[in-house]
Amino acid sequence: MAAIVRLTSVCRSGVRPLFHHSPLLARPLAAPRRHQDQPYLPTAQIHASQALPASSGSKAASLHWTAERALSVLLLALGPAAYCSPGPVVDFSLAAALTLHGHWGLGQVLTDYVHGPARVKAANAGLFLLSTLTFAGLCYFNYNDVGLCRAVALLWSK
């Protein structure tokens, strides 16, 4: 059973809907055999969330997007820097940048796939805990062991 989409929601040109008179997506339910000769089929409606106005949080979202791109460029620059001049500054910069990059990426996965207020709170708490432990572990490794740059170099040397 295919969903029937209102044409005006697809093309926005003011075309009248051909099949369905509701602005929401709909699909017919399975009707009992005795009611199949009737022209009306009950429908299940899928309610989409309302679009937010462009002014709500657009500046913060724009700054976050810019920061994500800047971090990606920084990570591209840290790769050759780690190879050419490994040291504590590059090690700790890599630890911070990799942790933040992973935190933002997993945050987007949670935004897309976790629904419900309690689940979102639990998932975000788990993400903050994971990111904190990751950063602490990388800093511990940089301080008490050879560091990230030399560890990768040792892996490549074997």
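What follows is a short chat about a predicted model of one protein.

Colleague: What kind of model is this, and how many helices and strands does the protein have?
Modeller: The model is predicted. The protein has five helices and two strands.

Colleague: What's the order along the sequence?
Modeller: The pattern reads α-β-β-α-α-α-α.

Colleague: How much of the protein is buried?
Modeller: Of the 158 residues, 20% are buried.

Colleague: Switching to Asp 91. Where is it?
Modeller: Asp 91 sits in helix α3, which covers residues 88–113.

Colleague: Is Asp 91 buried or exposed?
Modeller: Asp 91 is buried, and it has no salt bridge.

Colleague: Why does Asp 91 have no salt bridge?
Modeller: The nearest side chain of opposite charge is Arg 150, at 5.9 Å.

Colleague: Which backbone nitrogen lies 3.4 Å from a polar atom of the Asp 91 side chain?
Modeller: That of Leu 148.

Colleague: What else does Asp 91 touch?
Modeller: Leaving out residues up to four places away in sequence, Asp 91 touches Asn 142, Val 146, Gly 147, Leu 148 and Cys 149.

Colleague: Tell me about Asn 142. Which helix, and buried or exposed?
Modeller: Asn 142 is in helix α4. Its relative accessibility is 9%, so Asn 142 counts as buried.

Colleague: What is Asn 142 in contact with?
Modeller: Apart from neighbours within four places in sequence, Asn 142 contacts Asp 91, Phe 92, Ala 95, Gly 147 and Leu 148.

Colleague: Leu 148 keeps turning up. Which residues are buried in its helix, α5?
Modeller: Helix α5 runs over residues 148–157, and Leu 148, Cys 149 and Ala 151 are buried there. These three cover an arc of only 165° around the axis, so they lie on the same side of α5.

Colleague: What do the buried residues of α5 pack against?
Modeller: They pack against three helices: α2 (58–84), α3 and α4 (117–144).

Colleague: Back to charges. How many salt bridges does the structure hold?
Modeller: One. The side chains of Glu 68 and Arg 69 meet in a salt bridge, with 3.4 Å from N to O.

Colleague: New topic: Ala 96. Which helix is that in?
Modeller: Ala 96 is in helix α3. With a relative accessible area of 36%, Ala 96 is partly exposed.

Colleague: How many Å apart are Ala 96 and Cys 139?
Modeller: Their C-alpha atoms are 8.6 Å apart in space, and the two residues are 43 residues apart in sequence.

Colleague: Last one: His 64. Where is it, and what is its relative accessible area?
Modeller: His 64 is in helix α2. Its relative accessible area is 29%, so His 64 is partly exposed.

Colleague: How many Å separate the C-alpha atoms of His 64 and Trp 104?
Modeller: They are separated by 9.6 Å, with the residues 40 apart along the chain.

Notes: Residues are numbered from 1 along each chain as its sequence is written. This is a predicted model: local features need pLDDT of at least 70, side-chain atom pairs count only at pLDDT 80 or more; totals for chains, interfaces and linings use all residues. Side-chain values use heavy atoms; hydrogens and water are left out. Helices (H or I, at least four residues) and strands (E, at least two) are DSSP runs, numbered from the N terminus. Buried means under 20% relative accessible area, exposed over 50%, partly exposed in between (1.4 Å probe, protein chains only). Lys and Arg count as positive and Asp and Glu as negative; His and the chain ends are not counted. A salt bridge is a side-chain nitrogen of Lys or Arg within 4 Å of a carboxyl oxygen of Asp or Glu. A polar contact is a pair of N or O atoms within 3.5 Å; within protein, one must be able to donate a hydrogen and the other to accept it, and residues adjacent in sequence count only if both atoms are side-chain atoms. Contact means heavy atoms within 4.5 Å. The arc is that of the directions from the helix axis to the C-beta atoms.
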